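Hi everyone, thanks for coming along. I'd like to walk you through some helix packing today, with a few individual residues along the way.

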Amino acid sequence: MRLFWGGLTAMGPLCTDFYLPSLPSIASALSASMSTSQLTLTAALIGLGAGQLFWGPASDRLGRVKPLLASLALFVLASVWCAYAHDIYQLIIARFIQGMAGAGGAVLARAIARDRYSGNELTRFFAVLMVVNGLAPIVAPIIGGALLGLMNWKGLFLTLSLASAILLVVSFYGLEETLSKKEKGEKPPGL
């Protein structure tokens with residue numbers, strides 16, 4: 001199960017860094033300048049930030065599982081859209097949506113951890129998540145570069161889609177709601 005939590009937490013860094021070795025290929029394939037193709041990274045980072053503002057409050061109102069399933073399903077669809085984008089502007093929009101969806105995994109993994117654990121157990125869990133957050137941005141471009149030797153840039157996005165689809169299936173069948181009915185809809189302290 002730790003692999004599952006690590007996968008959810010890594011969705012954000014994977015979304016931003018996994019495809020970086022393919023930026024020159026993307027620019028060439030979509031007849032875009034290198035600076036325009038780099039806007040796909042900017043869009044994903046903006047999406048990650050905006051997604052955190054969306055998924056956190058949504059999970060406080062709706063529970064943890066429904067928003068998690070929605071974010072993973074959206075990530076699958078956005079990743080497929082990235083792979084089949086016809087021009088750089090479609091890819092930029094798809095990357096923004098992919099970034100928003102990728103934020104859901106990171107936000108909700110932490111929220112579920114806070115619901116399930118406390119004390120030393122919560123501290124150990126967050127330590128594992130922090131290791132994943134630290135390693136994923138380093139390892140993601142290395143893995144992406146290695147896979148780029150086996151497939152084109154579209155294959156990288158389809159790989160992300162497959163990974164998120166696996167997380168979606170595991171979440172659908174393996175996760176129970178952790179937010180109590182009493183907590184749903186309550187305003188966070190200080191608001």
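This is a predicted model: local features need pLDDT of at least 70, side-chain atom pairs count only at pLDDT 80 or more; totals for chains, interfaces and linings use all residues.

Residues are numbered from 1 along each chain as its sequence is written, and side-chain values use heavy atoms, with hydrogens and water left out.

Helices here are DSSP runs of H or I with at least four residues, strands are runs of E with at least two, and both are numbered from the N terminus. Two packed helices are described by the angle between their axes and the distance between the axes. The axes are lines fitted to C-alpha atoms, for helices over the stretch in contact, and the angles run from 0 to 180 degrees between N-to-C directions.

Let's look at helix 7, residues 153-174, and its partner helix 4, residues 65-83. They pack at an angle of about 165°, with axes 8 Å apart. That makes helix 4 roughly antiparallel to helix 7; for the wording, under 35 degrees is roughly parallel, over 145 roughly antiparallel, 65 to 115 roughly perpendicular, and the rest oblique. The crossing of this pair is left-handed, a term used if the near helix is turned anticlockwise from the far one by less than a right angle, with right-handed used if it is clockwise.

Which residues make the contact? On the helix 4 side they include L68, L69, L72 and A73, and on the helix 7 side they include W153, F157, L168 and S171. By class, this contact has 17 nonpolar, 4 polar and 1 charged residues. In that scheme Ala, Val, Leu, Ile, Met, Phe, Trp, Tyr, Cys and Pro are nonpolar, Asp, Glu, Lys and Arg are charged, and the others, Gly among them, are polar.

Now zoom in on S171, in helix 7. Is S171 buried or exposed? At 0% relative accessibility, S171 counts as buried; buried means under 20% relative accessible area, exposed over 50%, and partly exposed in between, with a 1.4 Å probe and protein chains only. A polar atom of the S171 side chain lies 2.8 Å from the backbone oxygen of L167. Setting aside neighbours within four places in sequence, S171 is in contact with F4, L68, L69 and L72.

L168 is also found in helix 7, and with a relative accessible area of 23% L168 is partly exposed. Beyond four places in sequence, L168 is in contact with L69, L72 and A73.

Next, helix 6, residues 119-148, which packs against helix 7 at about 125°, with the axes 9 Å apart. Helix 6 and helix 7 are therefore oblique to each other, and their crossing is right-handed. The contact is made by G144, L147 and L148 of helix 6 with W153, L156 and T159 of helix 7. Sorted by class, that contact has 4 nonpolar, 2 polar and no charged residues.

And then helix 5, residues 88-116, whose axis comes within 13 Å of that of helix 7, crossing at roughly 25°. Helix 5 and helix 7 are therefore roughly parallel, and the crossing is left-handed. Here L91, R95 and Q98 of helix 5 meet W153, F157 and L160 of helix 7.

While we're in helix 5, have a look at I97. I97 is partly exposed at 24% relative accessibility, and, not counting residues up to four places away, touches L74, A78 and W81.

R64 sits in the loop between helix 3, residues 34-62, and helix 4, and counts as buried at 5% relative accessibility. What joins the side chains of R64 and D60? A polar contact of 3.0 Å; that term covers a pair of N or O atoms within 3.5 Å, where within protein one must be able to donate a hydrogen and the other to accept it, and residues adjacent in sequence count only if both atoms are side-chain atoms.

S31, by contrast, is exposed, with a relative accessible area of 72%, in the loop between helix 2, residues 23-29, and helix 3. Phi of S31 is near 50°, a positive value in a residue other than glycine. Most residues other than glycine have a negative phi. Thanks, everyone!

Notes. Contact means heavy atoms within 4.5 Å.
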